[in-house]
Amino acid sequence: MTVALSPVARAWRRWRRPRDLRVPRTPVDVEDANRRFLMYGVMPLWFVPAVADWLMHRRTRIEETSGTRESAVHALMMTEAGVPVAMALLARVNPLVLSVMGGAAVAHGATALWDVSLATGEREVRPVEQHIHSFLEVLPLSAMAFTCCLHWDQVRATLRGGDRPEDWRLLPKDNPLPARYLAAIGLGIGAFVVLPYAEEMRRCVRAARARKAV
């Protein structure tokens, strides 16, 4: 089976069939300005504190202290942030997507508190690292706030309980985000989030195995 004829490729083409959303370089109204800042401001901002936090973990030698337990919590937080981000980027924003975003933001905040409680008992958590955590905790809420501003009709529908069947279905966007933008964000997440924390987990697992072998 060729890639072009695979079920995944056919499903992607169905989702990409409508015309891409156009975001003007010079915002002409508040909606364009909000969308542009969300796409090119809030989303890339996630990469900087994520790498900085990974560097703090490496500097304090997480593999010799809290180890795989804390690294697994980091993976959980990435999932809590990544799932709603993927839904908002690819799917139509409706009560289902907004509910997942809200629930994930609450879960992310609770997991972040658990993460700090676990870390402070095992290794040194410096003020700089705590400040980095502040950025990572507020970014999901910022993304949700901008998304709500852009889709206030769906916010109202969510507050009313979403009485239409399509309110609780995962649907393709009427106008998908540009494929080049999605590819760039995907590469950024892979390079600045997934790879560093995969390397962290690898170090923690290796150190744990070495301790057991002694």
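1. Let's start in the middle. The largest nonpolar core holds 24 residues, and W46, L89 and Y181 have the most contacts inside it. A nonpolar core here is a set of buried Ala, Val, Leu, Ile, Met, Phe, Trp, Tyr and Cys residues joined through side-chain atoms within 4.5 Å. Buried means under 20% relative accessible area, exposed over 50%, and partly exposed in between (1.4 Å probe, protein chains only). Two or more residues of this core come from each of α2 (30-45), α3, α4 (67-90), α6 (127-150) and α8. Helix α8 gives the largest share, 6 residues.

2. A word on what you're looking at: this is a predicted model, where local features need pLDDT of at least 70, side-chain atom pairs count only at pLDDT 80 or more, and totals for chains, interfaces and linings use all residues. Residues are numbered from 1 along each chain as its sequence is written, and side-chain values use heavy atoms, leaving out hydrogens and water.

3. Now the overall picture. The protein chain has 8 helices and 0 strands; both are DSSP runs numbered from the N terminus (helices H or I, at least four residues; strands E, at least two). Of its 214 residues, 40% count as buried.

4. Back to L89. Leaving aside neighbours within four places in sequence, L89 is in contact (heavy atoms within 4.5 Å) with M43, K173, L177, Y181, L182 and I185. There is also a second, separate core of 10 residues, with M87, A88, V93 and L98 among them.

5. How do α3 and α8 pack? Helix α3 (residues 47-59) and helix α8 (residues 179-213) sit at an angle of about 15°, with axes 10 Å apart. Axes are lines fitted to C-alpha atoms, for helices over the stretch in contact, and angles run from 0 to 180 degrees between N-to-C directions. The two helices are therefore roughly parallel (under 35 degrees; over 145 is roughly antiparallel, 65 to 115 roughly perpendicular, the rest oblique). Residues in this contact divide into 10 nonpolar, 2 polar and 5 charged. Ala, Val, Leu, Ile, Met, Phe, Trp, Tyr, Cys and Pro count as nonpolar, Asp, Glu, Lys and Arg as charged, and the others, Gly among them, as polar.

6. Is V73 buried or exposed? V73, in helix α4, is buried, with a relative accessible area of 4%. V73 touches T111, W114, D115 and L118, not counting residues up to four places away in sequence. V73 and T111 are 38 residues apart in sequence, yet 7.4 Å apart in space, C-alpha to C-alpha.
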